[in-house]
Amino acid sequence: MQFVFAGLMLVFSMALSAQAAEDTPFYTGVWELKTPSGLQPLVMSDWLIFEGKTPGIWMYLKPGFVSGQRYQFMARRVSVNGLTAAVVDVAKIDDTHMSYRLSANGQVIEQGEATRLSVPNANKSCLAVDTEMKDLLGKWRLVQNKKKILSLSETQLVLDGKKQTITMQQLRKGQLALMVGGAPFAMFTHAGGDYGVLQILPAGTKAFTGGPIGQHVVFDQEIIVRRPGGRCDAAIASRLKLLGKKR
């Protein structure tokens with residue numbers, strides 16, 4: 001599942017029947033995207049697009065857009081500082097279809113229509129972002145090195161055996177601010193599915209930015225982690241087996 005433009009991609013979905021959370025947007029889920037070049041799988045959570053099996057692209061809601069039937073995003077690749085030039089537009093067509101357009105500098109790069117493969121945003125669905133702080137606590141494995149562990153409690157962050165005393169606060173649904181000595185140190189975000197993203201901020205960052213998820217676009221390090229024994233990879237894979245089949 002990939003649209004490539006300056007290292008960027010986008011996915012869309014929708015949710016109406018059973019809401020996972022009040023602010024979980026309609027595009028969260030597993031989709032079959034019909035493009036001029038054929039069918040492609042599309043997978044995304046509230047704020048991240050998956051590339052293959054893992055989160056790959058951050059989405060940043062453009063100013064002036066609020067939760068509803070239509071969104072416009074700027075984007076950034078995970079582990080790369082700074083926004084791309086691309087803009088993504090997503091719109092609900094009906095309960096099982098949406099449209100998308102990926103463009104840059106006024107030129108359309110990709111556009112098409114997507115059909116939902118996943119259950120419409122059911123409560124506890126894999127890609128809906130967790131809503132409580134405690135959902136982010138506990139042990140995670142680093143995706144790039146499964147032998148390394150990230151462990152988070154309300155007072156301590158342990159990353160690859162190195163301990164850091166922290167305080168924390170919830171920035172918004174599914175995202176925590178981690179502070180060391182009262183100063184911003186990192187953000188930890190539930191990425192949908194079995195995944196999370198730890199963003200370690202540059203020394204001297206003065207404050208956590210409010211507004212849409214992951215508003216910081218500059219960081220020292222960005223790490224994707226996965227829950228040991230997570231159930232969502234298999235659930236998403238089973239949905240994607242329907243790709244191209246009559247439903």
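**Before selecting anything**

The model is predicted, so it is read with limits: local features need pLDDT of at least 70, side-chain atom pairs count only at pLDDT 80 or more, and totals for chains, interfaces and linings use all residues. Residues are numbered from 1 along each chain as its sequence is written, and side-chain values use heavy atoms, with hydrogens and water left out.

**The whole chain**

Show the chain as a cartoon. It has 1 helix and 17 strands; helices (H or I, at least four residues) and strands (E, at least two) are DSSP runs, numbered from the N terminus. Of the 247 residues, 47% are buried. Buried means under 20% relative accessible area, exposed means over 50%, and partly exposed is in between (1.4 Å probe, protein chains only).

**The disulfide**

Select C126 and C232. A disulfide (a pair of cysteine sulfur atoms within 2.5 Å) joins C126 to C232, with 2.2 Å from S to S. The count for the model is 1 disulfide. Look along the S-S bond: the angle about it is -90°, and the link of C126 and C232 is left-handed. The two cysteines belong to distant parts of the chain, 106 residues apart, with C126 in the loop between β8 (107-116) and β9 and C232 in helix α1 (residues 232-240). C126 is buried at 12% relative accessible area, and C232 is buried at 5%.

**Aromatic rings**

A pair of aromatic rings is described by the distance of the centres and the angle of the planes. Rings of Phe, Tyr and Trp (its six-membered ring) pair if their centres lie within 6.5 Å; planes under 30 degrees apart count as stacked, over 60 as edge-to-face and the rest as tilted. The whole structure holds 7 aromatic pairs. The centres of Y71 and F73 are 5.7 Å apart and their planes are at 5°, so this pair is stacked. Y71 is buried, at 4% relative accessible area, and F73 is buried too, at 3%.

Now move to W140 and F188. How are their rings arranged? With centres 5.4 Å apart and planes at 90°, the rings of W140 and F188 are edge-to-face. This pair links distant parts of the chain, with W140 in strand β9 (residues 138-142) and F188 in strand β15 (residues 183-192), 48 residues apart. W140 is buried at 1%, and F188 is buried at 0%.

**Salt bridges**

Select D194 and R226. Their side chains meet in a salt bridge, 3.2 Å from N to O; the term means a side-chain nitrogen of Lys or Arg within 4 Å of a carboxyl oxygen of Asp or Glu. D194 lies in the loop between β15 and β16 (195-200) and R226 in strand β17 (residues 221-226), so the pair ties together parts that are 32 residues apart in sequence. Is each end buried or partly exposed? D194 is buried, at 4%, whereas R226 is partly exposed, at 22%.

Another stop is K148 with D160, where the closest N and O atoms are 3.6 Å apart. K148 is partly exposed at 29%, and D160 is partly exposed at 39%. The model has 8 salt bridges by this rule.

**Last selection**

Select Q40 and L240. They are 200 residues apart in sequence, yet 9.8 Å apart in space, C-alpha to C-alpha. Q40 lies in strand β2 (residues 38-44) and is buried, at 14%.
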